[in-house]
Amino acid sequence: MSAFISWLSRSAAMRRIVTGLRLHRVANAWLRRFPSVKQLPGSGVRYRATRVESIPLAQEMFDKGALYDAALLPKNFTTFADLGCNVGYFTCWLAHLAQGRTLKGLMVDANPHAVTDAQWHAQANEMNEVFGIHGIVGEGSGGAADFYLYESNICSTSEVPDVEKMGLKGKWEKISVPHVSVERHWKKHFNDARCHVLKIDVEGSEMNFLRAEESFLPLVDSIIIEWHKWRVSLAEVRGFLEPRGFRCLKTIEENDQMGTAVFTR
């Protein structure tokens, strides 16, 4: 089974074929029972995969270093908020780069299964001041919102039209998710401490979050933001952040659907 999972994770075409045959469910069932657990060389940071889709994500982030540019992070960072944390690999990446410094942070995701994995990563690496939070940001305050989970953990969305625009075929599950105030959770755990790194990957709700949590931004030193073009443009993001003391340092990557940019004070 491990050889099958390895083969499946290496090729996007293979994954599409196997997904169409629903064999990925067999692989995911195996990984839930026997997770793939590895360590990052040098730091010893532990990370695991409990779904097939997490394996190529780990390869991109840890083996290739292709997702983010470590040189753009603030020097000697120790605090962060990861919005749209997925399974917590960004936290593992930060821990690896921190070279033993104690990290404090929040990991927020609307997918409860992803938050469970993210919390495992914090606990497995003894990050006792990193907290996993299940909820949705930027879509309201109090109560709950509808959210749509894709059968793969690579994607989920707060709005049905996004499903069509992303062109993803497969099973979607509608769930109810609590609204989360990042500022409230931050001050609960860390008072008025600086947030050295704010990562925003919230599938099209980027501007909604920035507007809703404008009062949190004065605590933030740098922002890594993935904008999703079916709802948000980079010009909108810049138009909001630049008057508030941020400048666009670099666009890391961009394609027809989305892009990733780094802002700093």
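This is a predicted model: local features need pLDDT of at least 70, side-chain atom pairs count only at pLDDT 80 or more; totals for chains, interfaces and linings use all residues.
1. Residues are numbered from 1 along each chain as its sequence is written, and side-chain values use heavy atoms, with hydrogens and water left out.

2. Ser222 sits in strand E10; helices (H or I, at least four residues) and strands (E, at least two) are DSSP runs, numbered from the N terminus. Its relative accessible area is 3%, so Ser222 is buried (buried is under 20%, exposed over 50%, partly exposed in between, with a 1.4 Å probe and protein chains only). Beyond its neighbours within four places in sequence, Ser222 has contacts (heavy atoms within 4.5 Å) that include Pro74, Cys195, Val197 and Phe263.

3. His228 belongs to that strand too, E10 spanning residues 222–228. His228 counts as buried because its relative accessibility is 0%. A polar contact of 2.9 Å joins the side chains of His228 and Glu206.

4. Asn76, in the loop between H4 and strand E3 (79–83), has a positive phi of about 60° although it is not a glycine. Asn86, in the loop between E3 and H5, has a positive phi as well, near 55°. Is each one buried or exposed? Asn76 is partly exposed at 49% relative accessibility, whereas Asn86 is buried at 19%.

5. Now for the helix pair. The axes of H4 (residues 54–63) and H5 (residues 89–98) come within 11 Å and cross at roughly 30°; axes are lines fitted to C-alpha atoms, for helices over the stretch in contact, and angles run from 0 to 180 degrees between N-to-C directions. The crossing angle therefore makes H4 roughly parallel to H5 (under 35 degrees). On the H4 side, the contact is made by Ser54, Leu57, Ala58, Met61 and Phe62, and on the H5 side by Tyr89, Phe90, Cys92 and Trp93.

Note on methods
Angles under 35 degrees count as roughly parallel, over 145 as roughly antiparallel, 65 to 115 as roughly perpendicular and the rest as oblique. A polar contact is a pair of N or O atoms within 3.5 Å; within protein, one must be able to donate a hydrogen and the other to accept it, and residues adjacent in sequence count only if both atoms are side-chain atoms.
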